[in-house]
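Biologist: I am new to this. Please show me how to read a protein structure, one feature at a time.

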Amino acid sequence: MPRLNRESLVSLGTKEIKVDEILKTIIYLPAHQVKSFFQEIGLSVPRELRMFVLRETLREKVIETRKSRLTLADELNYR
C-alpha cells in the first residue's frame with residue numbers, strides 16, 4: 001500500500017478528498033473517538049510512523065528538561 005501524504009487523494013464514497021481536508025476535520029475530534037473509529041474499520045498506522053510522531057512531539061520538552069538538569073548537582077540529576 002502506498003504511503004499517503006497531505007496531497008494524496010482518498011476515495012470516500014463517490015468523492016475524492018485530499019488527506020489534508022480530512023486531517024483538518026479529525027483534529028477537532030476527541031482522541032478516543034478517532035482511535036475507536038480506526039479500530040472499527042481495521043486501519044492501523046505503521047509503528048515506524050507512530051514512533052516518529054511521538055519523538056517529534058516530545059523533542060522540545062526533552063530538550064528543555066536536559067537544559068534545566070545541567071544546572072543541578074550530579075546527585076540531584078541522578079535522582
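Biologist: Where does Glu7 lie relative to β1?

Modeller: First, some ground rules. This is a predicted model, so local features need pLDDT of at least 70, side-chain atom pairs count only at pLDDT 80 or more, and totals for chains, interfaces and linings use all residues. Residues are numbered from 1 along each chain as its sequence is written, and side-chain values use heavy atoms, with hydrogens and water left out. Now your residue: Glu7 sits in the segment before β1.

Biologist: How many helices and strands does the chain have?

Modeller: Helices (H or I, at least four residues) and strands (E, at least two) are DSSP runs, numbered from the N terminus. This chain has four helices and two strands. Read along the sequence, the pattern is β-β-α-α-α-α.

Biologist: Is Glu7 buried or exposed?

Modeller: Check the relative accessible area. Buried means under 20%, exposed means over 50%, and partly exposed is in between (1.4 Å probe, protein chains only). Glu7 has 54%, so it is exposed. Across the chain of 79 residues, buried residues make up 5%.

Biologist: Which residue forms a salt bridge with Glu7?

Modeller: The rule is a side-chain nitrogen of Lys or Arg within 4 Å of a carboxyl oxygen of Asp or Glu. Lys18 is the partner of Glu7, with the closest N and O atoms 3.1 Å apart. Lys18 belongs to strand β2 (residues 15-18) and Glu7 to the segment before β1, so this pair ties together parts that are 11 residues apart in sequence. Lys18 itself is partly exposed, at 37%.

Biologist: How many salt bridges does a search of the whole structure find?

Modeller: Four. One of them joins the side chains of Arg6 and Asp20, 2.9 Å from N to O. Arg6 lies in the segment before β1 (9-12) and Asp20 in helix α1 (residues 19-26), so parts that are 14 residues apart in sequence are tied together.

Biologist: Which residues are linked with Asp20 in a network of salt bridges?

Modeller: Arg6 and Lys24 join Asp20 in that network. Between Lys24 and Asp20, the closest N and O atoms are 3.7 Å apart. An α-helix has 3.6 residues a turn, so residues three or four places apart point the same way. Here, Lys24 and Asp20 both lie in helix α1, four residues apart, about one turn of the helix. Lys24 is partly exposed, at 47%.

Biologist: Which residues form a nonpolar patch on the surface?

Modeller: Patch members have over 30% relative accessible area and no salt bridge; like charges are joined within 9 Å, and nonpolar side chains (Val, Leu, Ile, Met, Phe, Trp, Tyr) within 5 Å. Areas come from the Shrake-Rupley method with a 1.4 Å probe, and for residues only the protein chains shown count as cover. Here the patch is Val45, Leu49, Phe52 and Val53, with about 330 Å² of accessible area together. Take Val53: it is in helix α3 (residues 47-69) and is partly exposed at 44%. The accessible surface of the chain is about 7,900 Å², with 58% belonging to carbon and sulfur atoms.

Biologist: What volume does the largest pocket have?

Modeller: On a 1 Å grid over the protein atoms alone, a pocket is an open set of points where a 1.4 Å probe fits, with protein on both sides within 12 Å along at least five of seven lines; lining residues have an atom within 4 Å of a point. The largest pocket here has a volume of about 1,600 Å³, the space filled by probe spheres set on the points. Its lining has 33 residues, and Leu23, Phe38, Leu43, Val45 and Leu49 lie nearest the centre.

Biologist: Which element supplies the largest share of the lining of the largest pocket?

Modeller: That is α2, with eight residues. β1, α1, α2 (31-41) and α3 each give at least two. Of the 11 residues of α2, one is buried, so the helix lies largely in the open. Just after α2, Gly42 takes a positive phi of about 80°.
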